[in-house]
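Please have the sequence and the model open while I talk, and follow along as I move from one part to the next.

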Amino acid sequence: MVNLKVNLSGIELDNPIIPASGTFGFGYEFAELYDINVLGTFSFKGTTKDPRFGNPTPRIAECYSGMINAVGLQNPGVEKVISDELPKLAKCFDKKVMANVSGFSVEDYAYTCEKLDKCDQVGWLEVNVSCPNVHGGGMSFGTSPEAAAEVTRAVKAVTTKPVYIKLSPNVTDIVSIAKACEEAGADGISLINTMLGMRIDLNKKKPVIANKMGGFSGPAIFPIAVRMVYQVYEAVKIPIIGMGGVSTAEDVIEMMLAGATAVEVGAANLVEPYACKNIIEDLPRVMEKYKINSLKEIIGGAH
């Protein structure tokens, strides 16, 4: 029997498969299709301090081997997530869940993380630093080591649970940012978030998406994600959650060999709602094919 279990900052997962934030709602929507307790865990919809309606439509554009989205962090705000969404999730998911947090100032991040840290259902905080810093000219917190470290320190000061900083790939040096987060106290790194992409409608001769640009995800970005996970694994000692174009059990093995302890699946869920379930069911076959007895043993195995 192969062993699919991995340990993520002291919490054991039955397998390393985690649906990525924004592609799995708050979980109970997918629970209508299958028993979501088969998952390692999942990262719920990006949550902000205040409710957000999101960006104007259209928000989605199809691409070769992927998609572009500019949803704009639509969510009911942290108070409603705690009072309404988490109780609904508790009825269909009995494992610890990953809380994904976004913000537009350091204070926003700290406030939201402190609230979610008190929820027993939450096992980890995944802090998305790809958001525009409203006090810093709109540049993402994740584009500078100093800004990413500042958010990390602020969140760690008000939380007790493991904090994973989710990094943007839209930078020239992902390693320096990951190292800055580690030095500031991060318990782990999640990477990569979406690339910046754009499509133009040939009939209208205008951008397809109302926001003009959006996050490009899907199989096309997988090699970039593997490269960045590999680079960061060489530079830090904290665990990595790898993501970016993962759509098969083989992709999961490759991402873990690059250095990931767990693997998030994003865009694939929007194409095939059973994607994560299918990957989990296929993992034992792929492990046996490549003579892998335990997934814990292959983390960083390509180094």
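This is a predicted model: local features need pLDDT of at least 70, side-chain atom pairs count only at pLDDT 80 or more; totals for chains, interfaces and linings use all residues.

**Strands, a crossover and a bent helix**

I begin with strand S9, which is joined to strand S14 (residues 240-242) by 3 bridges, the two strands running parallel. Residues are numbered from 1 along each chain as its sequence is written, and side-chain values use heavy atoms, with hydrogens and water left out.

For the names, helices (H or I, at least four residues) and strands (E, at least two) are DSSP runs numbered from the N terminus, and two strands pair if DSSP finds at least two bridges between them. In S14, Gly-242 is the bridge partner of Leu-191. S9 also pairs with strand S8 (residues 163-166), again in the parallel sense and over 3 bridges, and there Lys-166 stands opposite Ser-190 of S9. Together, S8, helix H5 (residues 174-183) and S9 make a right-handed β-α-β unit, where right-handed says that, with the strands pointing away from the viewer, the path from the first strand over the helix to the second runs clockwise.

Which way do the residues of strand S9 point? Gly-188 and Ser-190 point one way, Ile-189 and Leu-191 the other way, and all are buried, a word that stands for under 20% relative accessible area, with exposed over 50% and partly exposed in between (1.4 Å probe, protein chains only).

Leaving aside residues up to four places away in sequence, Ile-165 touches Val-127, Val-129, Thr-152, Cys-181, Ala-186, Gly-188, Ile-189 and Ser-190, where contact means heavy atoms within 4.5 Å.

Let me turn to strand S6 (residues 97-101), where 5 of the 5 residues are buried, so that the strand is largely enclosed by the rest of the structure. S6 runs parallel to strand S7 (residues 122-128), with 5 bridges joining them, and the chain crosses from S6 through helix H3 (residues 106-117) to S7 in a right-handed β-α-β crossover.

There is also an open sheet of 4 strands, in the order S4-S5-S13-S10, with antiparallel pairing. Strand S4 (60-63) and strand S10 (195-197) stand at its edges with a single partner strand each, so one side of each has no neighbour in the sheet.

My last stop is helix H9 (residues 275-289), whose 15 residues at 1.5 Å a residue should span 21 Å, and whose end C-alpha atoms, 20 Å apart, agree with that; the expected span is 1.5 Å times one less than the number of residues. Where does H9 bend? The bend, about 35 degrees, is at Asp-282, and a proline, Pro-284, follows within four residues; the bend is the angle between axes fitted to the seven residues ending there and the seven starting there. The buried residues of H9, among them Ile-279 and Leu-283, pack against strand S3 (17-19), helix H7 (249-258), strand S15 (262-265) and helix H8 (267-271).
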